[in-house]
Amino acid sequence: MASNSSNAQQRLRIIAGHLQKHTGDGNTSVAAQECKAEASRSDPSSVTPVPKRRQEVMKWNGWGYSDSRFLFNKKGQAEFTGKRYRLSGLILPSLKDWFEGTFGANLQHKSLATPTLNLSAVAPPNLSEPFVEDLKAASVSASHDPEDRVFRAHGHCLHEIFALREGRIGRVPDMVVWPSCHSDVEKIVDLACKHNVCLIPFGGGTSVSSALECPHEETRSIVSLDTSQMNRILWIDEKNLTAHVEAGIIGQDLERQLNEHGYCTGHEPDSMEFSSLGGWVATRASGMKKNIYGNIEDLVVHIKMVTPRGVIEKSCLGPRMSTGPDIHHFIMGSEGTLGVVTEVTMKIRPIPEYQKYGSVVFPNFQQGVACLREVARQRCAPASIRLMDNEQFQFGHALKPQVSSMFTSFVDGLKKFYITKFKGFDPHHLCVATLLFEGDRGKVLQHEKQVYDIAAKFGGLAAGEDNGQRGYMLTFVIAYLRDLGMDYYVMGESFETSVPWDRILDLCRNVKERIVRECKERGVQFAPLSTCRVTQTYDAGACVYFYFAFNYRGLSDPVHVYEKVEHAAREEILANGGSLSHHHGVGKLRKEWMKESVSGVGLGVLKSVKDFVDPQNIFGSGNLL
Amino acid sequence: MEMASRSLYSSRQRMLKKRDDFEDVLEELRRSSDLRYALRCYTPSLYKGLVPCKASMLKTIVLQSDHLQYVIKQVSSESGDSSECVTEEASLILDEMAHRLQLSTVRFFAFMLSKAFKRLFRSVCVNEEGIQRLQQAVQEHPVVLLPSHRSYMDFLMMSYLLYMYDLPLPVIAAGMDFMSMKFIGEMLRMSGAFFIRRSFGGDKLYWAVFSEYVKTMLRNGYAPIEFFLEGTRSRTCKSLTPKTGLLNIVMEPFFKGELFDVNLVPVSISYERILEESLYARELLGVPKPKESTSGLLKARQVLSEDFGSMHVYFGHPVSLRSLAEGKINRCQYNLLPRYIPQKPSTDNHEFLNDAAFRLVRMQEENMVLKPWVLIAMLLVQNPDGLDLSSLTEQTDWLRHLALAFGAFLDWPDHASCSEVISCSLALHRHLLTVSAGHVQLSVTEALGAETTPEEAVFHRAVVVLSCASYRNQILHVFLRPALLAVAMQSANSNRKDDIYSCFSFLRNMFSNEFILCPGDSVQDFEEACYLLMKRGVLQVLEHEIVMSASGHSTLAFLCAALDPFLQGYQVVCRYLCEETNESLTEKEFVPAVRNFALKLILAGRLKCYEALSSDLQKNTLAALLRLKAVRKVKVGDQVTLRVNKIAVNSLEDTLGGTIPTQKPVLARL
Ligand SMILES: Cc1cc2nc3c(=O)[nH]c(=O)nc-3n(C[C@H](O)[C@H](O)[C@H](O)COP(=O)(O)OP(=O)(O)OC[C@H]3O[C@@H](n4cnc5c(N)ncnc54)[C@H](O)[C@@H]3O)c2cc1C
């Protein structure tokens with residue numbers, strides 16, 4: 001039932017939501033197109049998925065769609081509003097207990113956000129008049145409306161959102177421009193060079209590395225180059241299974257449109273509802289199903305990027321080349337410091353025939369990691385395999401939309417459930433892995449058996465498809481929870497790393513403990529939530545994702561405390577053999593560690609590339625270097 | 001813990017630190033049955049990350065560890081022996097080494113020791129706050145217990161106390177010498193001792209088995225690891241220069257991220273009277289120590305009838321290794337090599353290790369309880385002809401206040417007059433003294449028959465002096481820095497601060513094998529000394545000068561006298577090396593030869609300082625000269641000979657004697 005091919009579609013529908021309902025595929029073309037005339041935008045049948053005025057559908061000071069949010073209703077029950085997600089409109093009876101118990105928070109103590117943007121807090125734009133003039137002449141769409149500018153002044157780091165909630169507005173771009181195709185970008189970059197204007201490419205705005213923040217020391221006019229209107233699939237090549245796509249396209253639109261042709265890219269970062277193809281390339285993104293489809297670097301065949309020196313690209317679509325260092329690897333991860341990615345040729349795959357979720361419960365985290373390691377050794381990882389630690393497992397349960405646990409406290413209920421179901425498993429130690437299999441039916445079933453057999457060797461017991469599916473469904477709503485926390489004096493953040501197999505357990509334990517200790521030393525009254533999961537497996541290691549959150553009531557400068565703790569956690573990661581980042585990138589947040597991460601020479605190489613490509617520092621976001 | 005690590009670096013703060021109060025554990029014991037204690041319900045609080053594991057399982061875990069497997073393969077390919085053969089060897093090493101901690105044995109010991117302690121000691125005092133801190137510490141992170149080492153009693157007492165206080169029983173690194181006492185050895189094994197060979201220099205396999213064994217216990221939180229930083233019992237009651245081998249082993253799991261933190265707990269054990277007192281003195285004078293044999297220890301039964309006064313055990317603040325290493329160790333250095341492959345510690349690590357070891361020993365020193373007798377001993381050593389009781393009382397009182405001002409941890413009875421306190425002390429140590437007609441003096445001649453040779457007389461006298469000196473030594477660390485300054489002021493050729501500092505740092509350098517002087521702390525020590533003496537009104541420290549106050553003379557003279565035996569002793573060694581040696585002096589011959597030389601000087605009436613006869617002092621001098629490269633070791637055949645740079649040694653001697661001021665050029669040339 002839940003495990004058939006319609007499931008795949010169903011899932012995508014959930015993800016896609018109902019934003020800007022598409023009527024037909026009038027705006028999607030599979031033939032090469034010229035640059036769209038601005039006029040065609042007014043055609044109501046081809047409303048673009050991401051409007052220029054994003055603040056009309058999305059929160060200006062929080063995550064996601066304006067209509068979707070968690071709240072505690074009058075009865076003190078948590079609910080999720082809106083209609084977009086499976087969870088929308090549902091009550092989550094255990095969340096309150098979990099929330100209060102975990103953070104020592106109290107629903108009486110609210111810390112609500114400033115409801116609307118105070119326009120007077122936004123500094124007037126520092127415009128370069130000649131640039132504006134020339135831009136108008138080139139008929140590139142632009143705005144210096146304060147709301148538009150504020151929306152593009154940040155990503156989704158905690159400190160960025162926290163400041164917005166408090167109504168604090170820092171340096172924002174002086175202007176937003178919306179190119180609608182590659183040649184528009186060329187014009188903009190030319191003019192920026194001509195008038196010495198600073199450009200910051202803006203894709204989905206989901207950055208979590210302070211990459212979109214305007215550098216304080218920048219005195220030139222800063223222009224945010226919003227790629228959202230460059231969102232077409234230019235062609236699909238079924239012979240070679242590739243698609244040529246404009247870089248501003250948002251993940252969910254790309255998948256939906258390819259689906260309509262029976263294809264997918266399979267690239268599904270957790271932010272895929274909002275993040276863009278260009279953003280993925282610029283940050284070296286990683287998708288949940290990389291085990292089948294690969295990470296972004298495995299998916300791209302060809303990239304076109306406009307730089308101050310001109311366009312950089314390869315001359316053919318050969319699947320692999322030996323032509324010196326791969327120039328794609330200067331582009332990928334460049335974080336908007338070298339130019340604008342405008343078009344990408346990507347691999348595509350037929351939509352899988354069959355999809356099946358699964359889950360396994362392990363007696364403890366060690367056993368779970370050992371199982372994942374074995375799965376990786378045998379190279380039989382499913383499309384996705386994620387291992388949650390005990391705290392996250394409990395958290396997952398707190399998000400169960402249910403009605404039964406009215407009279408039992410949350411953990412008691414858990415205990416009862418798991419002691420009857422998984423004999424001998426301690427509810428304070430057990431942890432769960434969620435699985436997603438994809439492919440043709442026969443192979444999926446065979447694959448599934450292989451994985452469950454391995455799991456059994458490590459004491460893992462199959463815990464059903466529902467638990468697995470729910471885990472993946474939550475992926476997209478979890479990001480909304482931070483805003484709820486911040487309504488009640490709880491702030492939190494996630495961060496990630498990659499680490500060799502043999503160090504995972506030590507790294508996880510030490511980082512979690514470091515967070516707890518740092519919070520305590522910095523005056524956080526209630527022990528923080530400090531939890532992790534293994535989200536990706538590789539031959540030689542894995543990606544680990546941490547969440548931490550704490551009750552900041554009573555702290556005079558909570559953001560400062562938070563930043564210190566995050567900094568300490570990153571130091572701990574590095575000291576335990578973890579990388580600076582697996583996929584979030586460096587931005588400005590982690591730049592101080594670049595040198596020790598890639599060596600002085602390595603940094604010098606990157607600097608000299610930057611110096612050659614962009615001597616005027618037009619792409620002056622100040623990321624990375 | 002935070003506090004502890006911070007105060008580790010701030011001596012000012014240290015001086016003002018209030019120490020915990022003591023409880024006498026014997027008190028309750030005397031009121032109830034020993035059997036009840038031995039059989040009491042024992043449920044220690046455990047480490048939160050404990051991986052439960054039986055002692056017998058440890059062996060398998062160690063043998064199968066990646067680290068040991070790696071080394072076994074390596075050794076096998078180097079030696080050509082099959083890896084089964086090497087594994088077998090490793091397994092034998094483990095058998096020889098491993099403890100077999102057993103609660104029943106511990107209970108038996110508890111029973112026996114309760115009886116013994118009640119007879120030996122008037123009281124056994126423990127700071128219970130320290131116990132409470134330890135109780136916390138063992139739950140949070142694996143614990144390493146670092147007691148001072150003055151007596152065989154130390155580790156029995158440690159285990160006994162931990163058992164009494166319901167703390168997890170430690171496993172204890174012990175030297176192999178015990179193994180010759182078959183029965184006792186096995187008993188100790190069953191009460192948690194594990195045995196290490198004294199020297200296994202280049203034996204890779206041994207080192208691997210040993211280090212993996214210790215680390216496994218630490219990582220799994222199996223039990224607190226206990227060992228003696230000083231490596232061996234201090235025969236002089238001065239703290240010994242720490243050994244870093246084991247400390248390195250217990251730190252590595254933290255450096256490599258295998259543990260979040262390790263709690264290092266210095267423990268100071270002090271005795272009012274040391275059981276081995278005269279044994280030690282004899283040993284220092286060259287009578288070989290009796291091999292530890294079961295019968296020897298049984299003879300110790302007669303010891304049981306004596307009064308050893310009180311003993312104090314002070315559990316220091318746990319030191320978080322993590323805080324200690326913060327900013328000093330870059331843990332990333334381990335990122336590029338699989339962690340099971342042994343890696344030579346970097347120079348940073350080396351320095352850190354050394355520094356940490358010194359600081360931990362300093363912490364032991366500082367929390368060592370000092371009895372009034374120690375002050376008296378100091379005065380008696382300084383006055384070989386003895387003192388009148390009244391003057392002794394007066395001077396002891398003076399000294400007591402000086403010691404307190406310098407931060408000594410003095411256990412002075414609350415409600416007793418000074419003369420009462422003194423007479424009690426004299427009574428307890430009467431075997432070292434001659435008291436007649438109100439005159440007190442170190443015991444002399446009386447026991448000697450007519451046929452005693454002059455050499456024997458010197459020897460007898462020396463035993464008494466060294467025994468007494470060992471009590472003085474307990475408090476030397478309190479006076480050390482001001483005393484170095486006092487001597488420096490005496491020998492510097494001006495009042496200029498920089499002149500005095502250069503003398504100070506010369507002396508400090510010279511004596512850094514003799515006393516615990518943290519490397520690199522020269523300036524800090526100097527400032528501490530200035531501060532203490534200034535506070536006492538002995539000195540005025542001006543911008544560029546240090547001058548003695550009008551009333552400062554007696555204090556400075558006293559402080560100089562405190563170091564005098566060492567200054568003299570070192571000079572004797574130097575003189576010997578300059579006057580008597582030729583090319584072929586071997587390392588082995590060194591101590592007996594110097595002893596003879598000193599003996600002759602004493603017999604000839606040219607030397608009054610009996611401490612020059614101490615092999616400890618002689619060895620420390622040699623170590624200093626080697627370090628300063630005034631003497632070199634050269635291997636000739638299978639002998640190690642000492643090559644003396646006579647010019648350098650001579651100039652050091654003169655400088656020590658104050659006949660020439662510190663000469664930077666000479667030192668620089670060394
Ligand atoms: C809830 C949440 C979940 C996330 N999950 C994942 C995940 O699963 N996997 C993952 O990899 N990341 C994840 N991220 C991080 C983020 O989504 C990625 O870094 C993403 O690739 C950013 O894309 P974007 O389009 O939003 O770029 P933006 O945030 O707009 O920009 C990011 C950087 O790329 C530059 N840039 C953007 N577009 C271009 C372009 N066309 N040309 C040149 N430079 C450009 C910008 O200047 C900026 O420096 C997540 C973030 C959030 C908030």
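Which residue lies over the face of Phe308(B)? Select Phe308(B) in this predicted model and look above its ring: Arg273(B) is there, 4.6 Å from the ring centre.

Stay in chain B and select Tyr152(B) next. Arg233(B) lies over the face of this ring, at 3.8 Å from the centre.

Now turn to rings that pair with other rings. A pair of aromatic rings is described by the distance of the centres and the angle of the planes. Over all chains, the count is 45 aromatic pairs.

Begin with Phe162(A) and Tyr552(A). Their centres are 5.5 Å apart and their planes stand at 80°, an edge-to-face pair. Phe162(A) belongs to helix 5 (residues 158-165) of chain A, while Tyr552(A) sits in the loop between strand 21 (541-551) and helix 18 (558-575), so the pair ties together parts that are 390 residues apart in sequence.

Go back to chain B and select Phe22(B) with Phe409(B). This pair is stacked, with 5.9 Å from centre to centre and 25° between the planes. Phe22(B) lies in the loop between helix 2 (11-16) and strand 1 (23-24), and Phe409(B) in the loop between helix 19 (389-405) and helix 20 (418-428); the pair therefore ties together parts of chain B that are 387 residues apart in sequence. Phe22(B) is partly exposed, at 22% relative accessible area, whereas Phe409(B), at 12%, counts as buried.

For the last stop, select Phe72(A), Trp98(A), Phe99(A), Phe103(A), Phe395(A) and Tyr488(A) together: they form one aromatic cluster.

Methods
Residues numbered from 1 in each chain as written. Chains lettered and ligands numbered in written order. Predicted model: local features only at pLDDT ≥ 70, side-chain atom pairs only at ≥ 80, totals over all residues. Heavy atoms only, no water. Phe/Tyr/Trp six-rings, centres within 6.5 Å; stacked < 30°, edge-to-face > 60°. Helix = DSSP H or I, 4+ residues; strand = E, 2+ residues; numbered from the N terminus. Buried < 20%, exposed > 50% of the residue type's maximum accessible area, 1.4 Å probe, protein only. Lys NZ or Arg CZ within 6 Å of the ring centre and 35° of its normal.
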